[in-house]
Amino acid sequence: MKLNIGLDQDTLKQVNDLLNALLADQHVLYIKTRKYHWNVSGPSFLEYHEFFEQQYKQLEAAIDEVAERIRTLGGRPLSTMEDFLAHTSLKEDKSAEVKTADMFQRLLDDHEQAIRELREDVSKCEDLGDAGTADFLTGLMEAHEKMAWMLRKYLS
């Protein structure tokens with residue numbers, strides 16, 4: 001069924017493509033955060049383990065919200081790992097062992113990349129006249145900023 005919400009089909013396609021790229025990034029970051037949650041070790045194990053759990057739960061909620069935004073705009077969210085890996089701008093972490101400090105740095109780098117991309121996406125949505133998605137992405141960007149701030153504090 002065609003939507004009649006004040007956005008033409010071309011705009012909806014552009015916004016949904018942008019949101020699907022975001023969805024792919026969120027999944028890769030989620031999996032990386034889960035990996036670190038499972039594999040962190042050392043004297044502060046429990047604190048780090050719980051910290052990573054908080055972050056992956058936030059990402060899990062964001063993933064659902066992004067997918068639902070895509071559906072709201074008449075699109076179809078990506079839904080396979082193959083699709084996520086094909087559309088992400090982030091790097092999958094295939095390393096077997098990762099030092100704890102490197103875990104924090106790699107996640108920080110990914111959140112900062114997500115923030116930069118979200119800033120661009122907010123501008124694109126504003127240019128396309130989609131204030132709703134621009135607002136949605138701004139909220140998501142703020143959540144990534146806070147997660148990045150918390151990661152940064154473990155590295156300072």
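1. Let's start with the charged pairs: the count comes to nine salt bridges, a salt bridge being a side-chain nitrogen of Lys or Arg within 4 Å of a carboxyl oxygen of Asp or Glu. Before you go further, note that this is a predicted model, where local features need pLDDT of at least 70, side-chain atom pairs count only at pLDDT 80 or more, and totals for chains, interfaces and linings use all residues. Residues are numbered from 1 along each chain as its sequence is written, and side-chain values use heavy atoms, with hydrogens and water left out.

2. Have a look at Lys32 and Asp110, a salt bridge whose closest N and O atoms are 2.6 Å apart. This pair links distant parts of the chain, since Lys32 sits in helix α1 and Asp110 in helix α4, 78 residues apart. Helices here are DSSP runs (H or I, at least four residues; strands are E, at least two), numbered from the N terminus. Are these two partners buried or exposed? Lys32 counts as buried because its relative accessibility is 6%, and Asp110 counts as buried because its own value is 7%. The cut-offs are these: buried means under 20% relative accessible area, exposed over 50%, and partly exposed in between (1.4 Å probe, protein chains only).

3. Next, Asp93 and Lys35 meet through their side chains in a salt bridge, at 3.6 Å from N to O. Asp93 is in the loop between α3 (81-87) and α4, while Lys35 is in helix α1, so the pair ties together parts that are 58 residues apart in sequence. Both Asp93 and Lys35 are buried.

4. Lys57 and Glu53 form a salt bridge, with 3.1 Å between the closest N and O atoms. Both lie in helix α2, four residues apart, which is about one turn of the helix. Lys57 counts as partly exposed because its relative accessibility is 44%, and Glu53 is also partly exposed, at 24%. Elsewhere, salt bridges that share partners join Lys35, Asp93 and Arg106 into one network.

5. Which residues have the most contacts inside the largest nonpolar core? They are Leu19, Leu22, Leu23, Phe52, Val66, Leu137 and Leu151, in a core of 44 residues. The elements that give two or more residues to this core are α1 (9-39), α2, α4 (100-127) and α5 (131-155). Helix α1 gives the most, with 11 residues. A nonpolar core is a set of buried Ala, Val, Leu, Ile, Met, Phe, Trp, Tyr and Cys residues joined through side-chain atoms within 4.5 Å. As a general pattern, nonpolar side chains in soluble globular proteins tend to be buried together.

6. Glu68 belongs to helix α2 (residues 45-72). Glu68 counts as partly exposed because its relative accessibility is 46%.

7. His27 lies in helix α1 and is buried, with a relative accessible area of 17%. His27 and Asp93 are 66 residues apart in sequence and 12 Å apart in space, C-alpha to C-alpha. Trp149, in helix α5, is partly exposed at 44% relative accessibility.
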